[in-house]
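Here's a quick briefing to read alongside the model.

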Amino acid sequence: MNINTTSFGTWNGGRFMNYGECLPEEHFISLVQQAYEKGVRTFITADVYGSGAADTLIGRALKGIERDTYALVGIIGHDFYTGQREGSKGFPRFTNPALRSPAEYGSYLKMATEKSLERCGTDRFDLLLLHNPDRTGYTSEAVWEGLAAVRDEGLTRLLGTAPGPANGFSLDLIQNMEKFEEYVDWSMIILNPLEPWPGKFTLNAAAKHQVKLITRVVDYGGIFHDDVRPGHTFAHHDHRSFRPAGWVDEAQAKLEKFRPIAERHGLTPLQFACAWCLSQPAVENVVPTLTQEIGDGVKPIEAKLDELAAVKRVKFSDEDLELIARIGDNTGCMKLKGASTAHDGDDLADNWRLYDDLADVAARWGIDPVRDLAYSH
């Protein structure tokens, strides 16, 4: 089964990420099975979610369904087997030198893939992504030779990169595509009409290197589900409660400007956001977060799934695209992770200085890191 245009992630329903209500296990399993029946045939799981629990749950949900009728995407890279959780930072990357040497990368990657597959109840992934790499993960020959060995053993058909968890990593991702073109088939980026920056910088590079893109956070924190409105109350543990004050009001005002374009094409706001992503260079798949919001008058999560299942590609006019770009321009709205001119000091797991090789990447693609990748609000 090839990866189709819509995906269902195991973070949906608040099970393993703090968004809205946490669905009971049986409700989550039912939602996965409904997604399959409605035509969403790509499922994405990350081994670190629930320290393996997400894998197990998606395996239960898909048990008994013919394996060749859906695509399964696995994500590995956080070492919850031997690493110690560092509070809100989560588990360390497997490339942390305190955990292992480069000579041991390959054995870790094989072990993590096999254990994830065992929990999922299958013998292969269709795509295996490297989860939230540090600089070593983006650049190390040992890492990508290890992933290639996993592929060559038949544990996955395809390989790729899933940056994060925060936004950024544009130069790092481009370098990763360039350096490991023979290995990287897919990458995942954050992209939606309210958040085109900085993901837009990777689009043409992906197209040139024939890397297909999955876009996440397509719903922009629930705004495009159209039930997160001014005055919405988030639970104290909800990740979105850490966004800047007023973000919902500002996003809703922009959504109202998008709405006539969506309605002209017969699209709900979520379908509009997905169609816009799919109209961008190299984007082949969308995976919005499906959240059951807390409170009165909110949309059932099943209705959000219905909208996702009905997503279609749309040909937007040049005038529409220009207007969407003006309304959604978010340039400089946050501090980015990955390579940064603002970073000074030792490399961190998710932040490092702008090395000369990354400055060369920027120059090749016409990116000015000071101007184009800086927090300016």
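Phe-43 stands opposite Leu-72 in strand β3. That puts us at the pairing of strand β2 (residues 42-46) with β3, which runs in the parallel sense over five bridges; two strands count as paired if DSSP finds at least two bridges between them. From β2 the chain crosses through helix α2 (residues 53-62) to β3, and this β-α-β crossover is right-handed, meaning that with the strands pointing away from the viewer, the path from the first strand over the helix to the second runs clockwise.

Bear in mind that this is a predicted model: local features need pLDDT of at least 70, side-chain atom pairs count only at pLDDT 80 or more, and totals for chains, interfaces and linings use all residues. Residues are numbered from 1 along each chain as its sequence is written, and side-chain values use heavy atoms, with hydrogens and water left out.

**Around β3**
- Helices (H or I, at least four residues) and strands (E, at least two) are DSSP runs, numbered from the N terminus.
- β3 also pairs in the parallel sense with strand β4 (residues 125-131), over four bridges.
- Val-73 has Leu-127 as its bridge partner in β4.
- Together, β3, helix α3 (residues 105-120) and β4 make a right-handed β-α-β unit.
- Six of the six residues of β3 (residues 71-76) are buried, so the strand is largely enclosed by the rest of the structure; buried means under 20% relative accessible area, exposed over 50%, and partly exposed in between (1.4 Å probe, protein chains only).
- Ala-71, Val-73 and Ile-75 cover one side, with Leu-72, Gly-74 and Ile-76 on the other, and all are buried.

**Two residues to look up**
- Ser-187 lies in strand β6 (residues 186-190) and is buried, with a relative accessible area of 0%.
- Leaving aside neighbours within four places in sequence, Ser-187 is in contact (heavy atoms within 4.5 Å) with residues including Thr-161, Leu-173 and Ile-214.
- Val-370, in helix α13 (residues 369-372), counts as exposed at 58% relative accessibility.
- The C-alpha atoms of Val-370 and Ser-340 are separated by 8.5 Å, though the two residues are 30 apart along the chain.
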